[in-house]
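Have the sequence and the 3D view open as you read.

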Amino acid sequence: MVDLIVSEQNPCSGRALLQPILQQILPRIRREQFETWFRSLAVERADDREVEFSVTSQFVRDWLHKNFLTPLQDAVQSASGGRRRVLLSLREEDGHDNLPLVNLPPAIDAPEPRPDAGKSDARPAGDGATGQLGRRLQLSQLNPNYTFDKFVVGPCNRLAHASALAISENPGSAYNPLFVHGNVGLGKTHLLQAICQTVMRRDQKARVLYLSCEDFTNSYIQAIQSGSLDEFRNSHRTVDVLVIDDVQFLANKEKTQDEFFHTFNTLYDAQKQIVMSSDRPPVEIPTVQERLVSRFKWGLVAEMETPCFDTRVAIVKRKAKGRGVDLDDEVASLTAERVTNNIRELEGAVIKIVGIAAITGRPIDRKLAEEALRGVTLARQSQVSVDDVMSLITSEFAISARDLTGKSRTQAVSLPRQIAMFLVREQTELSLEDIGRFFGNRDHTTVLYAVTKIRERSQKDRMFKELLDGLNNRLLTRTR
Ligand code: ADP
Ligand code: MG
């Protein structure tokens with residue numbers, strides 16, 4: 001019988017209880033579901049009447065509550081011998097990941113050091129109220145894994161990395177603006193967020209704003225609608241470091257471009273740091289005003305290229321290590337040979353290999369890696385179709401295709417439906433109208449609403465963003 005008296009002060013025994021519970025749950029659900037919903041699960045408290053679990057996202061909490069309460073109760077019963085009430089609560093984001101727990105090699109018996117060990121230091125110690133609010137807001141949006149020490153440097157990204165590092169040590173004076181560009185999945189967001197986290201860690205008072213281009217556009221529109229343009233300007237034009245991810249989305253947005261132009265000028269004149277990323281070089285961003293394009297080129301433009309073989313091997317090893325696994329050269333090379341042009345996909349392949357080993361208890365050797373990599377298709381070679389998204393969502397959320405395209409508006413159906421529309425929009429060239437047609441003849445405004453809602457949620461809720469990233473990954477690395 002497992003000792004059930006555990007508390008937050010004793011995380012090891014919490015883990016001791018958690019492990020058998022996760023082992024019980026694993027065989028009953030699909031690995032992807034496990035990864036999505038259980039990776040942040042921790043035992044907060046347990047006694048002979050109840051067990052309180054915690055997760056780091058409201059969304060995950062609600063979803064577990066609705067869909068996995070019974071499996072959790074059953075697992076608690078099997079693991080500890082008695083029927084107990086299961087409670088689910090929320091805790092602060094802490095980078096805790098249980099995936100390695102299910103196949104925990106002895107060497108990492110203790111919890112992994114938090115990847116964001118400096119994170120709490122980075123929280124403002126109590127300077128001005130607005131500064132505090134501003135920064136806490138961003139910290140929750142930043143991925144604690146996107147730091148410089150987790151970024152593997154190779155010839156493909158050396159320039160971008162070096163300039164990002166220089167900027168974070170000396171914002172406003174090294175290279176201004178910094179413009180990094182490269183294909184999707186090559187580490188732009190990782191580098192941009194690493195700059196933010198480093199600046200914030202070095203200087204507690206620094207005001208750092210990290211925004212996707214979409215965030216900028218949306219809050220600008222909102223500011224106009226609510227008559228709070230002054231506030232918007234004040235908060236965007238008085239920062240020390242402004243980081244805008246995916247500026248290609250400024251295309252076709254005249255008014256936002258104007259606003260951005262003035263924001264840029266104000267910050268630039270005040271020698272504040274500006275960092276931007278895009279999926280293409282400045283001149284190739286269509287329908288962006290020439291005056292902006294020329295400013296994008298004022299500082300340093302660094303391209304991020306597809307990683308070479310050696311860098312891919314290093315990335316594979318690093319990603320596996322992050323999950324508590326030391327990959328040997330053979331498996332790492334095999335993975336790097338198969339997945340060649342996208343680091344996100346490379347990461348997806350590692351997750352797949354480590355995951356299969358964890359579930360089956362087999363050692364990670366060439367045979368297992370071959371199996372895991374079999375049929376992994378590259379995004380660029382195979383277009384994602386609406387069908388791919390539909391079959392992913394129906395299996396992931398355990399709903400039928402009829403539900404997905406039907407009329408029901410219950411949360412259990414409408415949220416997966418909105419996620420599906422979002423993914424189709426992200427992964428295909430289909431118009432809002434087309435997507436609406438696929439999803440039960442819905443109007444394009446419904447699709448737009450869904451896409452915006454999911455995007456906003458993913459900006460506010462990091463676990464939700466990880467869920468979306470995971471789904472995207474699975475689409476890109478799906479097996480035919
Ligand atoms: P982009 O913004 O260019 O589309 P991301 O920054 O989102 O790409 O990177 C995709 C994934 O690949 C992330 O999980 C990121 O951590 C990882 N990644 C990208 N480049 C590197 C690198 N050089 N070292 C380690 N991980 C990387
Ligand atoms: Mg990105």
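**From a helix to the ligand**

Start with Asn-472, which sits in helix α22 (residues 462-476); helices here are DSSP runs of H or I with at least four residues, numbered from the N terminus. This is a predicted model, in which local features need pLDDT of at least 70, side-chain atom pairs count only at pLDDT 80 or more, and totals for chains, interfaces and linings use all residues. Residues are numbered from 1 along each chain as its sequence is written, chains are lettered from A and ligands numbered from 1 in the order in which they are written, and side-chain values use heavy atoms, with hydrogens and water left out.

Is Asn-472 buried or exposed? With a relative accessible area of 10%, Asn-472 is buried (under 20%, using a 1.4 Å probe and protein chains only). Setting aside neighbours within four places in sequence, Asn-472 is in contact with Leu-423, Glu-426 and Gln-427 (heavy atoms within 4.5 Å). The side chains of Asn-472 and Gln-427 are joined by a polar contact of 2.3 Å, meaning a pair of N or O atoms within 3.5 Å, one able to donate a hydrogen and the other to accept it.

Now for ligand 1. A polar side-chain atom of Glu-347 lies 2.5 Å from one of its oxygen atoms, and for Lys-188 the distance to an oxygen atom of ligand 1 is 2.8 Å. Domain 2 (131-303) and domain 3 (309-379) both give residues to the shell around ligand 1, so the ligand lies between them; the domain bounds come from an automatic or database assignment.

How values were computed: Helices (H or I, at least four residues) and strands (E, at least two) are DSSP runs, numbered from the N terminus. Buried means under 20% relative accessible area, exposed over 50%, partly exposed in between (1.4 Å probe, protein chains only).
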